[in-house]
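Please open the model in your viewer and keep the sequence panel beside it. The stops below say what to select next and what is to be found there.

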Amino acid sequence: MKLYIKPWCPWCVEAVSWLKARGYSFESIDVLSSEAAYTHMRKISGQSLTPTLEMPDGKVLPDFDVRQLEKFLQANNIHP
């Protein structure tokens, strides 16, 4: 899975920490360092807010907090 972030975003920092603490494998992508990544994130999510999670099957969770992240992962049966 890919996690689109902005380094200064507190929700992004929290999401990265939460995923790492639970052993999830993910690619963290700084959208401020890559115009292409930012454009892609906006295309898949319909918005410009982070964090945004993109799953290999195409599901997207945009602009979330860790409670929403946990519910999304559980609902989609995604485990570390």
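Begin by selecting Lys 2, which stands opposite Glu 27 in β2. Before going further, note that this is a predicted model, in which local features need pLDDT of at least 70 and side-chain atom pairs count only at pLDDT 80 or more, while totals for chains, interfaces and linings use all residues. Residues are numbered from 1 along each chain as its sequence is written, and side-chain values use heavy atoms, with hydrogens and water left out.

Next, colour the strands (DSSP runs of E, at least two residues, numbered from the N terminus, as are helices, which are runs of H or I of at least four). Strand β1, residues 2-5, pairs with β2 in the parallel sense over four bridges, where pairing requires that DSSP finds at least two bridges between two strands. Widening the view shows an open sheet of four strands in the order β2-β1-β3-β4, with mixed pairing. Because β2 (27-30) and β4 (60-62) each have a single partner strand, they stand at the edges, and one side of each is left without a neighbour in the sheet.

Now select Ile 5, which is found in strand β1. At 11% relative accessibility Ile 5 counts as buried (under 20% relative accessible area; exposed is over 50% and partly exposed in between, with a 1.4 Å probe and protein chains only). Leaving aside neighbours within four places in sequence, its contacts (heavy atoms within 4.5 Å) include Cys 12, Val 16, Ile 29 and Thr 50.

Show helix α1 (residues 10-21), which lies across β1 and β2 and runs at about 155° to β1; axes are lines fitted to C-alpha atoms, for helices over the stretch in contact, and angles run from 0 to 180 degrees between N-to-C directions.

Which residues of helix α3 (residues 66-75) are buried? Select Val 66, Leu 69, Phe 72 and Leu 73 to see them. They cover an arc of only 120° around the axis, which puts them on the same side of α3, the arc being that of the directions from the helix axis to the C-beta atoms. What covers these buried residues includes α1, β3 (52-54) and β4, whereas the face turned away from the buried side carries the exposed residues Arg 67, Lys 71, Gln 74 and Ala 75.

Finish just after α3, where Asn 77 takes a positive phi of about 55°.
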